[in-house]
Amino acid sequence: MELTIQIFQFILSISILVLLHELGHFLPARWFRTRAEKFFLFFDPYFSLFSMKKINGQWKFKFISQNLPDTETVLINGERKEVPINIEALPDSDWRKHPESTKYGIGWLPLGGYVKIAGMVDESMDTEQLKKPAEPYEFRSKPAWQRLIIMLGGVTVNFFLAWLIYSCLSFFNGETYRDLNKFENGIGVMGSGQKMGFRNGDKILKVDGKPVDRYETASLNILFSNEVTVERDGKEHTFTVDEDGIAEVIRQREAKLYLTPRFKTVVDSLLPNSAAMKAGLQKGDQIVSVNGKKTEYFDEMSQELSNNKGKPVSLGIVRANTPTQVTANVTKDGKLGFAFDANELQKADELVKVTREYSFFEAIPRGFTRTIDALTTQVKQFRIIFNSKIQGYKSVGGPIAIVKMMPVETDADGSFSINWPAFWSFTAMFSVWLAFLNLIPIPGLDGGHVMFTLWEIITGKPVPQKVLENAQMIGVIFLLGLMLLIFGNDIFKIFTGKI
């Protein structure tokens with residue numbers, strides 16, 4: 001049931017984003033009297049689930065219909081050639097006879113969607129129509145500035161959609177976050193965080209010289225940063241973030257766990273035949289010292305165990321409000337074999353949480369700021385994706401990984417439901433990601449078309465049609481290869497249990 005809800009959310013989110021993105025291309029195309037031949041949600045290779053078209057003033061509908069070819073093979077001077085189909089010879093009931101009207105539809109492959117604009121070299125690689133002189137209604141016959149607006153329409157809609165969603169979330173739900181100013185005892189640092197250069201009790205002040213006050217933002221930006229400033233032992237201390245630590249965070253998927261609020265060590269459960277069980281530890285015991293050294297927090301206790309790997313230690317504990325001592329043998333991994341009480345972490349977490357409400361007029365600029373922050377994060381991610389040391393590309397996920405990321409709430413009765421604020425937050429972030437991705441100047445993406453159009457505007461000369469066709473082909477091959485790599489990465493993670 002959980003997976004079903006996640007798949008539903010993914011399809012709903014991608015449907016909203018693709019529909020509005022393609023609408024961003026479609027509307028300016030219509031405003032500039034450019035013919036849009038098809039407008040489809042989801043891809044429709046071979047057949048479509050649903051399609052409709054306005055013919056002679058009346059809407060016609062089809063369900064599960066096969067795609068008919070736009071070309072035919074004819075014999076010319078004894079040689080077989082593929083040419084555009086003669087629409088004049090088609091019956092009036094054939095939709096192909098009415099190219100002036102847009103065919104709207106829903107495909108069966110839920111991985112995107114498209115708008116097919118006449119006279120444009122796109123991912124369909126339909127170049128037959130380009131062999132004829134340009135018609136006034138075709139994309140290629142329009143001024144460069146109009147073509148630029150048409151191509152930028154999709155990413156513009158994605159940006160404004162994210163802005164709208166973030167503004168609505170801030171206005172209707174406010175923002176709940178962990179205030180770094182409330183971390184009175186500093187942060188608890190896991191092993192990967194220590195590799196990065198943090199120490200238990202640090203108070204985070206700045207990331208790359210910019211003051212920070214939100215734990216969620218800081219813990220993410222630290223992964224993309226060069227240096228961090230903390231308060232350590234009452235003094236400001238700036239250090240360079242070690243890339244080995246970042247690599248470990250990425251590899252172990254600890255983006256939200258390598259730094260935590262500090263919490264007390266209370267035993268919850270013990271592993272069978274573990275050192276903790278043999279020492280006589282019990283559920284509810286609070287460990288307050290190791291070898292006489294005070295360990296008020298879990299991170300301090302973990303550090304002392306790590307310092308005494310493979311050695312016996314004396315644990316000071318409080319059981320039923322009574323102090324006592326037990327001796328335990330630390331494993332070679334620096335563990336005792338017990339799970340801490342998550343309620344202690346939750347209590348510490350609640351102490352640093354704050355909720356800020358926004359008025360209508362405050363939510364609008366806040367939504368813009370959140371959109372820019374999301375865009376900046378997408379750009380910064382390339383620092384770790386293509387870093388040979390961090391090897392972030394190994395953690396890149398495709399549709400399968402995205403489905404698993406979709407937020408699902410577990411209700412008190414054990415049933416699952418959609419966390420709508422989290423869903424819309426994810427959709428806004430994904431909208432920004434699509435805008436950024438589509439602006440990358442790769443032929444096959446909007447950014448590739450924008451690059452060639454800007455070249456024409458700057459030089460005053462259009463890029464030769466053959467160059468456009470070849471560049472588009474290279475771009476499509478590259479993107480297909482990238483998709484196969486990402487899908488392969490997803491499948492590998494499934495079989496290795498990493499997803």
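A: A residue is called buried when its relative accessible area is under 20%, exposed when it is over 50%, and partly exposed in between, with a 1.4 Å probe and protein chains only. By that rule, buried residues make up 43% of the 499 residues in the chain. This is a predicted model, in which local features need pLDDT of at least 70 and side-chain atom pairs count only at pLDDT 80 or more, while totals for chains, interfaces and linings use all residues. Residues are numbered from 1 along each chain as its sequence is written, and side-chain values use heavy atoms, with hydrogens and water left out.

Q: How many helices and strands are in the chain?
A: The chain has 13 helices and 23 strands, taken as DSSP runs numbered from the N terminus (H or I of at least four residues for helices, E of at least two for strands).

Q: And what share of the contacts is between residues 24 or more positions apart?
A: Among contacts with a separation of 6 or more, 67% are between residues 24 or more positions apart, where contact means heavy atoms within 4.5 Å.

Q: Let's turn to helix packing: at what angle do α1 and α2 pack?
A: Helix α1 (residues 2–31) and helix α2 (residues 144–173) pack at about 140 degrees, with their axes 7 Å apart. The axes are lines fitted to C-alpha atoms, for helices over the stretch in contact, and angles run from 0 to 180 degrees between N-to-C directions. The two helices are therefore oblique to each other, given that angles under 35 degrees count as roughly parallel, over 145 as roughly antiparallel, 65 to 115 as roughly perpendicular and the rest as oblique.

Q: Which residues of α1 and α2 meet?
A: The α1 side includes Leu17, Leu20 and His21, and the α2 side includes Ile150, Gly154 and Val157. By class, this contact of α1 with α2 has 11 nonpolar, 6 polar and no charged residues, where Ala, Val, Leu, Ile, Met, Phe, Trp, Tyr, Cys and Pro count as nonpolar, Asp, Glu, Lys and Arg as charged, and the others, Gly among them, as polar.

Q: How do α2 and α12 cross?
A: The axes of α2 and helix α12 (residues 446–459) come within 9 Å and cross at roughly 155 degrees, and these two helices are therefore roughly antiparallel to each other. Among the residues that meet are Trp145, Arg147 and Leu148 in α2, with His449, Val450 and Glu456 in α12. That contact of α2 with α12 has 9 nonpolar, 2 polar and 3 charged residues.

Q: New topic: where is Gly334 found, and is Gly334 buried or exposed?
A: Gly334 is in the loop between β19 (322–329) and β20 (338–340), and Gly334 is buried, with a relative accessible area of 8%. Leaving aside neighbours within four places in sequence, Gly334 is in contact with Leu305, Ser306 and Lys309.

Q: Which residues of α7 are buried?
A: In helix α7 (residues 298–307), Phe298, Asp299, Met301, Glu304 and Leu305 are buried. The buried residues of α7 pack against β9 (187–189), β16 (286–290), β17 (293–294), β18 (312–319) and β20.

Q: Last one: what is phi for Phe42 and for Ile64?
A: Phe42 has a positive phi of about 75 degrees although it is not a glycine, and phi of Ile64 is near 45 degrees, also a positive value.
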